[in-house]
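Please read them with the structure open.

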Amino acid sequence: MKIFGLQKMTLLDFPGRVACTVFLGGCDFRCPFCHNFELVDGTAKPLMTDVELIGFLEKRRGLLDGVAFTGGEPLLSKELPELMRKIRALGFKTKLDTNGYHPSRLRPMLEEGLVDYVAMDVKNSPEKYAETCGVGNVDMDTIRESINVIMRLTPDYEFRTTVVDELHEVSDFEKIGGLIAGAKRFFLQAFTDRGTVPFEGFHAPSKEKLEACRVAVSPFVPSAELRGV
């Protein structure tokens, strides 16, 4: 199994854990504001194998207590469940970032108890989902199924939306709220531009717009928060 990136320690990516972050390649979305597009389009080169990752983790027992998987879309890697079994056997907790488009792979992992924390990106309101994902069509029933599976089966979780001024309106967040009504956590985070973003012309919303978006979603998720503002 190919590992495309490793952040050796983070206090931010896995709530409540001192963790490392593992980056996997490939994604079925083409979000035009993606920060890790080199992992999406296949231009990134592998950093290590899963065997080398296990070797790294064996040396970090007692220093780290969690491993966060991100991408790309980690659930595209069919070897991920077995890798998580090996990591958990070393005593680490596991976190998964996902775009929510593979509930049939996610559900058995949750039922087996392989994942302690899931973070799912909710891209936009249903009408604007495909545009925001950069693809021609998105099956919203699949997205809804993942939301339901996460809320029912995950020990701990969050939903989150990266807010792009050109792609999101305040009214979108009422519809996002309808998708995730009753969720434990929802975070709104402002887009930040980087050199790896595939398209130009996107901007962060104002703080006032972000707060208005939070207020719009709060009847559905009262705990909704702004992150990184």
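1. With which residue does Asp-156 form a salt bridge? The partner is Lys-184, and the closest N and O atoms of the pair are 3.4 Å apart. A salt bridge here is a side-chain nitrogen of Lys or Arg within 4 Å of a carboxyl oxygen of Asp or Glu. Lys-184 is partly exposed, at 38% relative accessible area. The terms for exposure are: buried, under 20% relative accessible area; exposed, over 50%; partly exposed, in between (1.4 Å probe, protein chains only).

2. On the basis of the notes: this is a predicted model, in which local features need pLDDT of at least 70 and side-chain atom pairs count only at pLDDT 80 or more, while totals for chains, interfaces and linings use all residues. Residues are numbered from 1 along each chain as its sequence is written, and side-chain values use heavy atoms, with hydrogens and water left out.

3. Overall make-up. The protein has 8 helices and 10 strands; helices (H or I, at least four residues) and strands (E, at least two) are DSSP runs, numbered from the N terminus. Its C-alpha atoms fill a box of roughly 50 × 35 × 30 Å along the principal axes. The radius of gyration is 17 Å, which agrees with the value near 17 Å for a compact globule of 229 residues. That radius is taken over C-alpha atoms, and the globule rule is 2.2 Å times the number of residues to the power 0.38. Of the 229 residues, 51% are buried.

4. Contacts along the chain. Among contacts between residues at least 6 apart in sequence, 72% join residues at least 24 apart. Contact means heavy atoms within 4.5 Å.

5. The sheet. Two strands pair if DSSP finds at least two bridges between them.

6. Phe-23 stands opposite Thr-70 in β5.

7. In soluble globular proteins, nonpolar side chains tend to be buried together. Here the largest nonpolar core has 67 residues, and those with the most contacts inside it are Leu-53, Phe-69, Phe-159, Ile-180 and Phe-186. The largest share of this core, 5 residues, comes from α6. A nonpolar core is a set of buried Ala, Val, Leu, Ile, Met, Phe, Trp, Tyr and Cys residues joined through side-chain atoms within 4.5 Å. Not counting residues up to four places away in sequence, Phe-186 touches, among others, Phe-159, Phe-173, Ile-176, Ile-180, Val-217 and Val-221.

8. Other salt bridges. The count comes to 17. Asp-141 and Arg-144 meet in one of them (3.8 Å, N to O). Both residues lie in helix α6 (residues 140-153), 3 residues apart, about one turn of the helix. Asp-141 is exposed, with a relative accessible area of 55%, and Arg-144 is partly exposed at 37%.

9. Is the pair Arg-160 and Glu-158 buried or exposed? Both residues are buried. Their side chains meet in a salt bridge (3.8 Å, N to O). The two also take part in a network of salt bridges that links Lys-95, Asp-97, Asp-121, Glu-158, Arg-160 and Arg-227.

10. Two further buried positions. Met-109, in helix α4 (residues 103-112), counts as buried at 4% relative accessibility. Leaving aside neighbours within four places in sequence, Met-109 is in contact with Leu-75, Leu-80, Pro-81, Met-84, Leu-114 and Val-115. The C-alpha atoms of Met-109 and Thr-154 are separated by 9.8 Å, and the two residues are 45 apart along the chain. Ser-77 is found in the loop between β5 (66-70) and α3 (80-89), and is buried, with a relative accessible area of 15%. With neighbours within four places in sequence left aside, Ser-77 is in contact with Met-1, Leu-24 and Arg-105.
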